[in-house]
Amino acid sequence: MSSVNQTLNPAGGVSAPPAGLRPADRKAGRARETRRKWYEIIGLTTPAIVVYVMFVLVPIGFAFYYSLFRWRGVGPPTDYIGFDNYVMAFQDPIFLDALRNNAIIVFGSLLIQGPIALGVALLLNRHFRGRTVFRLLAFVPYVLAEVTVGIMWKLILTENGTFDALLRSIGLGGLIQAWLADLDIVIWTLLFVLTWKYVGFAIILLLAGLSNVPQELNEAAQIDGASWWQIQRHVTLPLLGPTIRIWMFLSMIGSLQVFDVIWVTSVPAVRSLGASATMATYMVDNGFFARLWGYGNAIAVILFVISFVAAILFQRFLLRRDIEGAITRKAK
Amino acid sequence: MTTANTVLSPAKRRPVSWGNPLTYALALAVAAVSITPVIYVVIGGFRTTPQIVANPAALPDPWVFDNYIRVLTESNFWRQAFNSAVVSLGTTLGVVALGVSAAFVLARYTFRGREVLYTFFTLGLLFPAGAAILPLYLMLRDLSLINSYYAVILPQVAFSLPLTIVILRPFLSAIPRELEDAAAIDGTGRLGFLWRIMLPLARPALVTVGILAFVTSWNAFLLPLLVLGDASLHTLPLGVQQFSSQYSSDTAGILAFTSLAMLPALLFFTFAEKQIVGGLQGAVKG
């Protein structure tokens, strides 16, 4: 390191000191070089660190502080109430509904999107004419803004809307439900919309992972007489493990904080009864719109802690093996 | 779709020339599920609301262009598209500039605390952006940034940094050491090396993180919803939402507005799809 760095720095006047130089000079040069290196390190990383700390880390700290007050957001918080906001949250059946809905979305997304995405990715990884076009089409839902997806499905699923008309026209009119208004059904409707929206993300990740599987392995297995299905099961899938776990991780974090699609698709009245609320919509409804800032921040902290603990547990038990090789390939 | 796996099994007998018709049938089914709703929205925009009410699932008869013309001329569509463009471009530039600088240091410098710094940034991947939204709003309010483009750009840059650094670092590390040495012999310092050799070589990765940041920002809803109360600053997602609740009986108009709002992201992605998948390969490499 040190010798290379010395030659690196002609501007500092210490480029590769000739062998005859006095040791003291060489030492001074090295010190100057080290100082210069640190200036560069600090200069290049400071902007990123400042923005990151200020807008990602600091707000979370503030959330905890505000959550200890009864506060309507005007003037500094003064009405200290300890952990009452947290107690209140866990006693509110609407919040408990929101927690349950988040659980449905987390596990529903993993269990439904995973197999679908795997099937589609294996399909679109085959070589056939027009594959690029099909890939593009499969990604479309993921690229669309959450808001447009929400409004689109809201219009399609509205009572006596397109979907109902479609069901009637194929003789399944008896299955028609109030998809977005029935309190027992709305969360499953939303899970469907979320699946439609986000399965493309899983497909993109899996395709990227699949393209890293060396073609030679497939060919070797083929020569050994393995069928296409056996190759997928015993060669491709194990190699795809890290990608699948990364997707599960991102999907889980995304599901815990899901807001946009829920907010836009479901009617406020249904949401306020808890049937379609999630932690994030509950937080924004109460904290921002009802101006219960202390309470809203307590929900933020709960949301944060749940996500963080889930992430740590996931890291600890599932991602550990991948974390160096996959998501953060260790720099040399 | 779960049937995909069962249907695939005929391959057992013919692994090489696996039934093309079947591949196409399945691929067509996937494509149909993905884009039928989108096509419905686009075509619906060419109908009138009475047509839609009378028969929700039919082709336009006759085709009317009035909805699209109305949205393009009378609504705030252009204003909102402009705001979206400013916010997304600002976010993208910020993320790429800050991300490259930090990732370059983390990839090419050896120093005490480097891995700590890297872990510090990757921690951000675990932080749900949504959880920070309320205190973020309060902080931006105290900084008098509410109702400005910065209120959206700065937090979006911050929350995109971790992923950007995670994607960029391996790319920058992989560029051979010999190039750096050669540049040094030619009298180029490390910063010159970053600017003149590293950045051109890392362009695919830069495009990937740029696109990801751009699309995320273009589609963002929650943050703009809270910090852009001023209607003249609304971005497209806010505009679509606003339009659909304000003119909730004008179904055809909503469909037209929604399709127009979809268009930029779709076009953008069509051109950039290869880059995204290619760029992610580095990030998910096993």
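In helix H13 of chain A, the buried residues are A:Met279, A:Ala280, A:Thr281, A:Tyr282, A:Met283, A:Val284, A:Asp285, A:Asn286 and A:Gly287. In this predicted model, the helix spans residues 279-289, and because nine of its 11 residues are buried, H13(A) is largely enclosed by the rest of the structure. Past the helix comes A:Arg291, with a positive phi near 60 degrees.

The largest nonpolar core holds 166 residues, and A:Ile299 is listed with A:Ala121, A:Ile203 and A:Leu206 as having the most contacts inside it. Both domain 1 (2-66) and domain 2 (87-323) of chain A give residues to this core, so the core lies between them.

Contact between the two chains draws on 92 residues of chain A and 96 residues of chain B. On the chain A side, helix H2 (residues 23-66) provides the largest share, 16 residues. The side of chain A that touches chain B divides by class into 65 nonpolar, 20 polar and seven charged residues. For the complex, the predictor reports an ipTM of 0.84 and a pTM of 0.85.

Leaving out neighbours within four places in sequence, the contacts of B:Ala261 are A:Ala145 and A:Thr148 from chain A, and B:Leu236 and B:Val240 from chain B. B:Ala261 counts as buried because 28 other C-beta atoms lie within 10 Å. From B:Ala261 to B:Ala25 the separation is 236 residues in sequence and 31 Å in space, C-alpha to C-alpha.

Turning to chain B as a whole, its secondary structure consists of 14 helices and zero strands. Of the 286 residues in chain B, 47% are buried. Taking the contacts in chain B between residues at least 6 apart in sequence, 77% connect residues at least 24 apart. The unreviewed UniProt entry lists residues 81-272 of chain B as "domain: ABC transmembrane type-1". Over that stretch of chain B, 78% of the chain is helix and 0% is strand, with 20 Å between the end C-alpha atoms.

The peptide bond from B:Asp61 to B:Pro62 is cis, with omega near -5 degrees, and B:Pro62 falls in the loop between helix H3 (49-54) and helix H4 (66-74) of chain B. Further along, B:Ser144 has a positive phi near 55 degrees although it is a residue other than glycine. The loop that holds B:Ser144 runs between helix H7 (133-142) and helix H8 (149-174) of chain B. Is B:Ser144 buried or exposed? With 9 other C-beta atoms within 10 Å, B:Ser144 is exposed.

Chain A has a counterpart for this discussion in A:Asn160, a non-glycine residue whose phi is positive at about 60 degrees. A:Asn160 belongs to the loop between helix H6 (146-157) and helix H7 (162-169) of chain A. A:Asn160 counts as exposed because 11 C-beta neighbours lie inside 10 Å.

The mean pLDDT of chain B is 85, with 90% of its residues at 70 or more. In chain B, helix H12 (residues 222-227) has the highest confidence, at 95, and helix H1 (residues 3-8) the lowest, at a mean of 40. Residues 1-17 of chain B have pLDDT below 50, and beyond near neighbours in sequence this stretch makes 21 contacts in the model. Where pLDDT is low, the predicted coordinates should not be read in detail.

Methods: Residues numbered from 1 in each chain as written. Chains lettered and ligands numbered in written order. Predicted model: local features only at pLDDT ≥ 70, side-chain atom pairs only at ≥ 80, totals over all residues. UniProt positions renumbered as here; feature names shortened; annotations may be inferred. Helix = DSSP H or I, 4+ residues; strand = E, 2+ residues; numbered from the N terminus. Contact = placed C-beta atoms within 7 Å. Nonpolar A, V, L, I, M, F, W, Y, C, P; charged D, E, K, R; others polar. Buried ≥ 20, exposed ≤ 12 C-beta atoms within 10 Å, placed from the backbone. Core = buried A, V, L, I, M, F, W, Y, C linked by C-beta atoms within 7 Å. Domains from an automatic or database assignment. pLDDT = per-residue confidence, 0-100.
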